[in-house]
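Good morning, colleagues. I shall present one structure, taking a pocket and then a pair of helices.

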Amino acid sequence: MLIEEPKETTFEITGMLQTSFNKLFEFLQKEILCDVTIQAGNKSIKCHRNVLASCSPYFQAMFTSSLAESKQNVITIGDIDETTMEMLIKFAYTAKVDLNTSNAQALLHASSVLQFDCLAQACCDFMSSQLHPSNCLGIRELAQRLGQLSLVKKSDSFSKYNFRKIIVEDEFVSISVQHLEEIISSEDLFVDNEVELTFVNCTLQFDELLHIP
C-alpha cells in the first residue's frame with residue numbers, strides 16, 4: 001500500500017530524445033508524416049515543419065507567421081543548390097555533417113541565409129583552419145557578405161601577418177581600395193621592410209587614380 005504522504009519523483013529515460021530524433025530521421029527517409037516539401041534546384045525534399053522550425057529561426061518565422069509560405073505545401077528555396085539543401089535538412093535531423101574543402105563554402109552560405117547558426121559557426125571554424133595566402137581575401141569577402149564577423153576578423157588577422165605572401169597571389173588584384181587601406185594602416189601589419197610597404201602604397205595610389213571620375 002502506498003504511503004499517503006504526498007511525494008514527487010522525476011522519471012527520465014536517458015537517450016529517449018536521441019531515439020526520437022532517430023525515428024524522425026527514419027520518417028524523413030521513408031517520407032512518413034511529412035507535411036512540407038522543400039524545393040531546391042531540381043530536387044524536392046519532403047520533410048517536417050516542426051523539425052526545420054526547431055533548428056532554424058528562419059523556418060520558425062516562415063511556418064508560424066502569417067506569411068503565405070506558412071500555408072504552402074511546397075516551399076521553393078532559391079540560391080541554394082539541391083545537394084547543399086539536402087545536407088542542411090539531414091543536419092536538422094541528425095546534428096551531423098561532413099565538412100570538407102569542397103562543400104564548406106556552399107554550406108556556410110546556406111546555413112547563414114537559412115539561420116542554422118550552429119552549422120554556420122562550424123563552417124567558419126573549418127574555413128578558418130583552411131586560411132592560406134591564396135584564399136584568405138576571398139574567404140574574407142564571403143564572410144563579410146554573409147555577416148560572419150568572427151571569420152572576417154580571423155581572415156584579417158591572417159592577411160596582416162602573411163601580407164608579404166598575399167601581395168603576390170592572384171586574389172590580391174581584386175582587393176578593394178578600402179580593404180587595402182585598412183590592412184596597411186593597421187598596427188598589426190607584418191612586413192619585412194619599408195620597401196614592401198612603399199610598394200603597396202604606390203599600388204594603392206595608382207588604383208585610386210584609376211578610379212577618379
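Helices are DSSP runs of H or I with at least four residues, numbered from the N terminus. The model is predicted, with local features requiring pLDDT of at least 70 and side-chain atom pairs pLDDT 80 or more, whereas totals for chains, interfaces and linings use all residues. Residues are numbered from 1 along each chain as its sequence is written, and side-chain values use heavy atoms, without hydrogens and water.

Let us begin with the largest pocket. A pocket here is an open set of points on a 1 Å grid over the protein atoms alone, where a 1.4 Å probe fits, with protein on both sides within 12 Å along at least five of seven lines; lining residues have an atom within 4 Å of a point. The largest pocket holds about 240 Å³ of space, the volume being that filled by probe spheres set on the points. Of its 14 lining residues, Phe25, Lys90, Phe91, Thr94 and Lys96 lie nearest the centre. Which helix gives the most to this lining? It is α4, with seven residues; α1 (16-30) and α4 (82-94) each supply at least two.

I turn now to the helix pair. The axes of α7 (residues 136-146) and α8 (residues 149-161) come within 8 Å and cross at roughly 155°, axes being lines fitted to C-alpha atoms over the stretch in contact, with angles from 0 to 180 degrees between N-to-C directions. Therefore α7 is roughly antiparallel to α8, a term for angles over 145 degrees. Residues in contact (heavy atoms within 4.5 Å) include Cys136 and Leu137 in α7, and Leu151 and Val152 in α8.

Technical notes. Parallel < 35°, antiparallel > 145°, perpendicular 65-115°, else oblique.
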